[in-house]
Amino acid sequence: QALNYAGTLAEHRRLAGQVREHGIEPPAADDDAIEQILVVDDDPGVLASLSRVLTHHTRMDDLYSVIRAEVAHQRGAFLREGRLSVQVTPSPRHALEMAGKIDFACVLADYRMPEMNGIDLLQRFADLRPECERILISGQVGADELVNAIDSAHVFAYIAKPWEDYELKSCTALALAHQRMLHDNRVLAAMVEKSGHFAAGDGA
């Protein structure tokens, strides 16, 4: 997760630098865009709890942000209040049907579910929505299974049950920030290449 995020951030800075250097007009940021999140868990209580945590902004969120800024001297990723739409389903099969219709930015899936385990779900989800970030949630996953999730489903993160609300929010916020940067990088790279200033392999 850390390496992926750092690599994407470095590429973002490189491309942004090329855009500034060559006087290319960057696209306007869509700050009003709603990010779609899907939560999949066969336990209705867990679905309700996860949805509540992700959509409710509290004073503790502000406190943690201040602490992080003071300790790390930078502002970390955060969930954009009022800019999230969280949908839930207890069925992995229904989740895949939804993926065919909705451009989800992030999906969080439990590992142990009757219809399909979370790793298989995230693998199939990646085929349908390759740009969607994938997070595995479980209290019953072994080391080998976790390695398989990283290698095959390319999960962005793993969150253990029971989770800490701040960890869940921070991890999801980081995944969304990573997804936005990947999208922006593709847009910036296309703009630089179109301008004729693109250097293949630059910064690799």
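**Ground rules.** The model is predicted, and I took local features only at pLDDT of at least 70 and side-chain atom pairs only at pLDDT 80 or more, while totals for chains, interfaces and linings use all residues. I number residues from 1 along each chain as its sequence is written, and side-chain values use heavy atoms, with hydrogens and water left out.

**Sheet.** I looked up the strand order first. An open sheet of 5 strands runs β2-β1-β3-β4-β5 with parallel pairing. Strands and helices here are DSSP runs, E of at least two residues and H or I of at least four, numbered from the N terminus; two strands pair if DSSP finds at least two bridges between them. β2 and β5 are the edge strands, each with a single partner, so one side of each has no neighbour in the sheet. Neighbouring strands are turned by 20° against each other on average, direction ignored; axes are lines fitted to C-alpha atoms, for helices over the stretch in contact, and angles run from 0 to 180 degrees between N-to-C directions.

**Pairings.** I noted 6 bridges between β1 and β2, where glutamine 36 faces serine 85 of β2. β1 and β3 are joined by 4 bridges, and isoleucine 37 has cysteine 106 of β3 as its bridge partner. β3 and β4 share 5 bridges, with valine 107 opposite arginine 134 of β4.

**β3.** I checked burial (under 20% relative accessible area, exposed over 50%, partly exposed in between; 1.4 Å probe, protein chains only). In β3, 5 of 5 residues are buried. Cys106, Leu108 and Asp110 point one way, Val107 and Ala109 the other. In a regular strand the side chains alternate between the two faces of the sheet.

**Cores.** A nonpolar core is a set of buried Ala, Val, Leu, Ile, Met, Phe, Trp, Tyr and Cys residues joined through side-chain atoms within 4.5 Å. The largest one I found has 25 residues, and Ile37, Leu54 and Leu108 are among those with the most contacts inside it. β1 (35-40), α2 (44-55) and α7 (165-195) are among the elements that each supply at least two of its residues. α7 gives the most, 6 residues. I listed the contacts (heavy atoms within 4.5 Å) of isoleucine 37: beyond four places in sequence they include Leu54, Val86, Leu108 and Leu176. A second, separate core has 22 residues, including Leu38, Met113, Phe125 and Ala149.

**Helix over the sheet.** α2 lies across β1, β2, β3 and β4, at about 175° to β2.
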